[in-house]
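Work through these exercises with the structure in view. Try each task before you read its solution.

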Amino acid sequence: MIDTAERSSGGRMDVGSATTLLAAAVGVVGTLLSALLTQRAADRGRQREQERAERTWERRSGTQELRSCYVAFNTATRRYLAALTDQLHALGRDEDLRPVRQRLTEARDRHREVYAEAQLRVPERVLELTGALSRELGAVYGMLRRLDDGVPRAGDCAAAAQERIDALWRGLREARREMRTDLGVFRSSGGESAGSRHRTPGGSA
């Protein structure tokens, strides 16, 4: 009787011990799994945050590069137009025109450089405007060179050149508005901001 009771008690203790050990093991495994899942969730969160940061940086970097391209084109076009105007005003003067011609050549070459870069960067709607400007700038340059060389074609004259230069200044303002819109800095529905609406004598801006 005593042996039977002892064996029964021992069996209950073995089962109880096993249950306790199993519960402890399950608890440890659960704790480890919870920590692992928490770590993986944190890693995924950090990865998503890094990806968002990289995308933001790429967008900002691309916008900054495009802005630099627009600034370079605007600056080069203004200088080209100023050099064309100087060349026009110098025609017929009894003076050495070599410095004026040199400035015009340099302005034309610089404009070609920035326009070539713009062709690879700017969106189609802006490229249409910049392309039209570049073609017309080249046409006026050719007219002024012919007038300077004394071999004008039909329609070549100082008045026609001035009219086309004035139209080019207006075209540059239109292109600049489109550039500002593309960069997201266009604020006025009726035109450019107050600072960009300033015009210099002769139609320049």
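Buried means under 20% relative accessible area, exposed over 50%, and partly exposed in between, with a 1.4 Å probe and protein chains only. The model is predicted, so local features need pLDDT of at least 70, side-chain atom pairs count only at pLDDT 80 or more, and totals for chains, interfaces and linings use all residues. Residues are numbered from 1 along each chain as its sequence is written, and side-chain values use heavy atoms, with hydrogens and water left out.

**Exercise 1. Classify glutamate 113 and arginine 110 by accessibility, then describe their contact.**

Step 1. Glutamate 113 has 52% relative accessibility, so it counts as exposed. Arginine 110 has 41%, so it counts as partly exposed.

Step 2. Their side chains form a salt bridge, with N to O at 3.2 Å. The term means a side-chain nitrogen of Lys or Arg within 4 Å of a carboxyl oxygen of Asp or Glu.

Step 3. Both residues lie in helix α2 (residues 98-121), three residues apart, or about one turn of the helix. Helices here are DSSP runs (H or I, at least four residues), and strands are too (E, at least two), numbered from the N terminus. An α-helix has 3.6 residues a turn, so residues three or four places apart point the same way.

**Exercise 2. Which parts of the chain does the salt bridge of arginine 125 with glutamate 178 link?**

Step 1. Find the contact: the closest N and O atoms of arginine 125 and glutamate 178 are 3.0 Å apart.

Step 2. Arginine 125 is in helix α3 (residues 124-149) and glutamate 178 in helix α4 (residues 158-183). They are 53 residues apart, so the pair links distant parts of the chain.

Step 3. Check accessibility. Arginine 125, at 41%, is partly exposed. Glutamate 178 is also partly exposed, at 22%.

**Exercise 3. Are arginine 146 and aspartate 156 buried or exposed, and what does their pairing tie together?**

Step 1. These two form a salt bridge, the closest N and O atoms being 2.7 Å apart.

Step 2. Arginine 146 belongs to helix α3, and aspartate 156 to the loop between α3 and α4, so the pair ties together parts 10 residues apart in sequence.

Step 3. Both residues are buried.

Step 4. Now look at a network: salt bridges that share partners join Glu65, Glu117 and Arg121. The structure holds 11 salt bridges.

**Exercise 4. Describe how α3 and α4 pack.**

Step 1. The angle is about 160 degrees, and the axes are 10 Å apart. Axes are lines fitted to C-alpha atoms, for helices over the stretch in contact, and angles run from 0 to 180 degrees between N-to-C directions.

Step 2. This angle makes α3 roughly antiparallel to α4. The cut-offs are under 35 degrees for roughly parallel, over 145 for roughly antiparallel, 65 to 115 for roughly perpendicular, and oblique for the rest.

Step 3. Sort the contact by class: 17 nonpolar, two polar and six charged residues. Ala, Val, Leu, Ile, Met, Phe, Trp, Tyr, Cys and Pro count as nonpolar, Asp, Glu, Lys and Arg as charged, and the others, Gly among them, as polar.

Step 4. List buried residues of α4; among them are Ile165, Leu168, Trp169 and Leu172.

**Exercise 5. What is the packing angle of α2 and α3?**

Step 1. The angle is about 160 degrees, with axes 11 Å apart.

Step 2. α2 and α3 are therefore roughly antiparallel to each other.
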